[in-house]
Amino acid sequence: MSEIYLTGQLVCATDEQANVVRLHLPDHLRRTRAEAGCRSFDVTETGDPLSWSVEERFADQQAFELHQARVASSQWGDATAGIERRYPVEGLSR
């Protein structure tokens with residue numbers, strides 16, 4: 001099994017979207033970092049107030065897919081559904 005990782009950006013279109021990220025991000029980070037198979041998970045503000053740097057590492061494809069399923073039905077997933085994600089997933093076999 002190979003490790004899954006991604007590096008990219010979460011990009012808001014408006015200040016309102018950025019405020020939603022700031023509101024929900026601490027809980028999202030805590031929950032994700034507690035998941036089995038999460039090796040690292042960082043979402044940090046950049047110099048642009050509408051953009052965050054995203055770096056994720058999961059032990060394997062199953063851990064990543066479980067993360068994706070949890071996020072899809074989470075408060076974070078609902079609140080940030082319309083926010084652009086710019087990151088390729090590496091190590092994933094489909």
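**Fold and a histidine in a predicted model**

Biologist: What share of the 94 residues of the protein chain counts as buried?

Modeller: In this predicted model, 37% of the 94 residues of the protein chain count as buried.

Biologist: And how many helices and strands does the protein chain have?

Modeller: The protein chain has three helices and five strands.

Biologist: In what order do the elements run from the N terminus on?

Modeller: The order is β-α-β-β-α-α-β-β.

Biologist: What about the overall dimensions of the C-alpha trace?

Modeller: Along its principal axes, the C-alpha trace of the protein chain spans about 40 × 20 × 20 Å.

Biologist: What part of the contacts with a separation of 6 or more comes from residues 24 or more positions apart?

Modeller: Such pairs account for 69% of those contacts in the protein chain.

Biologist: Turning to histidine 67, where does it lie?

Modeller: Histidine 67 lies in helix H2, which covers residues 61-72.

Biologist: Is histidine 67 buried or exposed?

Modeller: Histidine 67 is buried, because its relative accessible area is 2% and the cut-off for buried is under 20%.

Biologist: Which residues is it in contact with, leaving aside neighbours within four places in sequence?

Modeller: Histidine 67 is then in contact with His28, Thr32, Glu35, Phe41, Glu56 and Phe58.

Key: Residues are numbered from 1 along each chain as its sequence is written. This is a predicted model: local features need pLDDT of at least 70, side-chain atom pairs count only at pLDDT 80 or more; totals for chains, interfaces and linings use all residues. Side-chain values use heavy atoms; hydrogens and water are left out. Helices (H or I, at least four residues) and strands (E, at least two) are DSSP runs, numbered from the N terminus. Buried means under 20% relative accessible area, exposed over 50%, partly exposed in between (1.4 Å probe, protein chains only). Contact means heavy atoms within 4.5 Å.
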